[in-house]
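Trainee: I would like to learn how to read a structure with two chains, taking one question at a time. Could we look at it together?

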Amino acid sequence: MLIWYGEATTPGRLRLRGLMIAGLPLLWLVILLLLPSLTLVVIAFMQRDAYGQIVWQPSLGNLRRLMGFGLLAWSADYIIILLRSLWMALVTTVLAVVLSYPLAFFIAARPARRRYFWLALVIIPFCTNLVIRTYAWMLILSQHMPPAKLAAWLGLIPPETSLYPSAFAVYLVMVSSFLPFAALPLYTTIERLDWSVVEAARDLYAGGYRVFWHAILPQTLPGLAVAVILTFIPAMGVFVVPDLLGGAKTMLVGNLIQQQFGPSRDLPFGSALSLALMVLTLIGLFALRRRRTGAPLP
Amino acid sequence: MNKRLPWWVTCSAILALALLYLPMLAVVVFSLNDGRYGFAWRGFTLKWYAQLLHNRAILDAATNTLILAGVSTAIATPLGTLLGVGLVRFPWTGRTRRAMEFLLYLPVVTPDIVFAAAMVVAFSFLRVFSDWFEPGLATMILAHVTFQIAFVALVIQSRLATLGRTLEEAARDLYADTHQLMRRVTLPLLLPGIVAGAMLAFTLSLDDFVISFFTAGPESTTLPILIYAAVRRGITPELHALSTLVFLLTVVVALLLERLSRIAYTEPKV
């Protein structure tokens, strides 16, 4: 017998009740999430026959294809695309976080009453559709608008061309789209910042950079962790932005996967790519976690 | 905290906000522009909005989007609430707890494209058993509910954490049985969290593109899919008007969500 939430009961009875309550959603998730994911992993090791059906013979063919051993000579195409996605996601995350710190400080510095207004201001784009935002940037970056004209005047691009398709456009739109994902979690920790630690650092003659690195950053680590996760994961899998703004030179894994499930009808290879993406995402997350030095303040 | 910030912090913050709002401003401005082609301002007009109302494809897509969001939210909210309550309010330990949390966080840490791929693969198998799993509204609803459950459950968990144990223990001390406890104490207290979770699920479904794109059938286009196809074909001013309307809808929902979250995350006054 134990007392749980003021009720005297046995673990067995509690477990039964818990299962009755959470059973249905758990069943749904097992059937429609766990099983499909396992199927994905299994299919990644199968092949596709000439008619698009799956050949049920486990093979490492997809894996070898990923590594570059295609029909003809070895080519690093797929590896390049995977690494490019990883790199772009990392850069996007870092830029988004760097831009989010001033934004979060700015909001935290507003008088308490006005903060909700500024927070709402950040939440609204967060809820807007990515497709709409991406094509809106297509409008802004087109050759008829000031930004492209300015870049042409500065000699950065040939005259009468748009600022897309280009890697710059992809980075720009990805950072601006994922900015709220980074800013909101960061804000929650910055709002609760203990300024006495910052004062103490200043009293000990620390300059601006050291004050940030040793007094402010460690305190924001929990929010930073969430910000990084919420930005990195979607950035790895993004496909709309490179599809509309990237052009052939900035193809990312998302586009590849979409191709396999669309025109190419190669489900096994698409599954293998998805698996590779998940693995890379986990590696990337792990790497980002270790880069943050120092422990949170006790 | 009313600190004086260094000038460059304020500047960066304003720059970040500008980056966030520039695209939407551009779309709104273009939707009111009277010119069919080109970017020169040719006068204020609402005719693109009027044209929207006669566009069959857009109206169908809008209906599909709302039906999809509505039905999936209606299914996911109760399921997510049950999951959230079931995970927090019971003493699960060790492997059971880890397994449940794994299932809960899986949709959150997977990039949507991987999730969409898994759905397509799953449905292509289930299609053998039943016609229901042909790409269409049904498969989209199933896919949406699956990721919405996780998010609703997370919101409910936060709300439960804020509520704490005291009120439920007090109810138990006053001889409430489980049914009374759930109906008269837990559920009413949970209500702001449930509504916030529902709105979050609704917004996620409205805005979803990748998952819908992969699981959609020929008859079940949603607005994001329509907009994507239209952008690839060629941008027209009607698109700007449509996007502005979608944006306005999202703003309203977002503001409601923010309001509700504020209520949901404050402690109940006892």
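Predicted model: local features only at pLDDT ≥ 70, side-chain atom pairs only at ≥ 80, totals over all residues.

Mentor: Residues are numbered from 1 along each chain as its sequence is written, chains are lettered from A and ligands numbered from 1 in the order in which they are written, and side-chain values use heavy atoms, with hydrogens and water left out.

Trainee: How many helices does chain B have?

Mentor: Helices (H or I, at least four residues) and strands (E, at least two) are DSSP runs, numbered from the N terminus. Reading along the sequence of chain B gives the pattern α-α-α-α-α-α-α-α-α-α-α, and the C-alpha atoms of this chain fill a box of roughly 70 × 65 × 30 Å along the principal axes. Chain B has zero strands, and its number of helices is 11.

Trainee: What area do chain B and chain A bury between them?

Mentor: The size of an interface is often given as the accessible area lost when the parts come together; here buried area is what two parts lose on being put together, summed over both and found with a 1.4 Å probe. In this model 85 residues of chain B are in contact (heavy atoms within 4.5 Å) with 81 residues of chain A. Of the area buried between the two chains, 82% is on carbon and sulfur atoms, and the total is about 8,000 Å².

Trainee: Which residue of chain A forms a salt bridge with Arg232(B)?

Mentor: A salt bridge is a side-chain nitrogen of Lys or Arg within 4 Å of a carboxyl oxygen of Asp or Glu, and the count between chain B and chain A is one. The closest N and O atoms of this pair are 3.8 Å apart, and the partner of Arg232(B) is Asp243(A).

Trainee: Which helix of chain B gives the most to the side that touches chain A?

Mentor: With 16 residues, the helix that gives the most to this side of chain B spans residues 7-31, and it is helix 1.

Trainee: Which residues have the most contacts inside the largest nonpolar core?

Mentor: A nonpolar core is a set of buried Ala, Val, Leu, Ile, Met, Phe, Trp, Tyr and Cys residues joined through side-chain atoms within 4.5 Å, where buried means under 20% relative accessible area, exposed over 50%, and partly exposed in between (1.4 Å probe, protein chains only). The largest core has 169 residues, and its largest share, 17 residues, comes from helix 3 (residues 77-109) of chain A. Among the residues that Phe105(A) touches, leaving out those up to four places away in sequence, are Ile190(A), Trp195(A), Leu5(B) and Val9(B). The residues with the most contacts inside the core are Phe105(A), Tyr135(A) and Leu83(B).

Trainee: Is Ser274(A) buried or exposed?

Mentor: Ser274(A) is found in helix 13 (residues 267-291) of chain A, and beyond four places in sequence it touches Leu40(A), Ile257(A), Phe261(A), Val114(B) and Ala117(B). Its side chain reaches the backbone oxygen of Gly270(A) at 2.9 Å. Because its relative accessibility is 0%, Ser274(A) counts as buried.

Trainee: What distance separates the C-alpha atoms of Gly270(A) and Ala44(A)?

Mentor: Gly270(A) is found in helix 13 of chain A, and it counts as buried because its relative accessibility is 0%. Although Gly270(A) and Ala44(A) are 226 residues apart along the chain, their C-alpha atoms are separated by 7.5 Å.

Trainee: How many residues of helix 12 of chain A are buried?

Mentor: Helix 12 of chain A covers residues 253-261 and is mostly covered. Its buried residues include Gly254(A), Asn255(A), Ile257(A) and Phe261(A).

Trainee: Which residue follows helix 10 of chain B?

Mentor: Helix 10 of chain B (residues 223-233) is mostly covered, with eight of its 11 residues buried, among them Leu223(B), Tyr228(B) and Val231(B). The residue that follows this helix has a positive phi, near 150 degrees, and is Gly234(B).

Trainee: Where is Pro165(A) placed?

Mentor: The peptide bond from Tyr164(A) to Pro165(A) is cis, with omega near -5 degrees. Pro165(A) lies in chain A, in the loop between helix 6 (146-153) and helix 7 (167-191).

Key
Polar contact = N/O pair within 3.5 Å; in protein donor to acceptor, adjacent residues only side chain to side chain.
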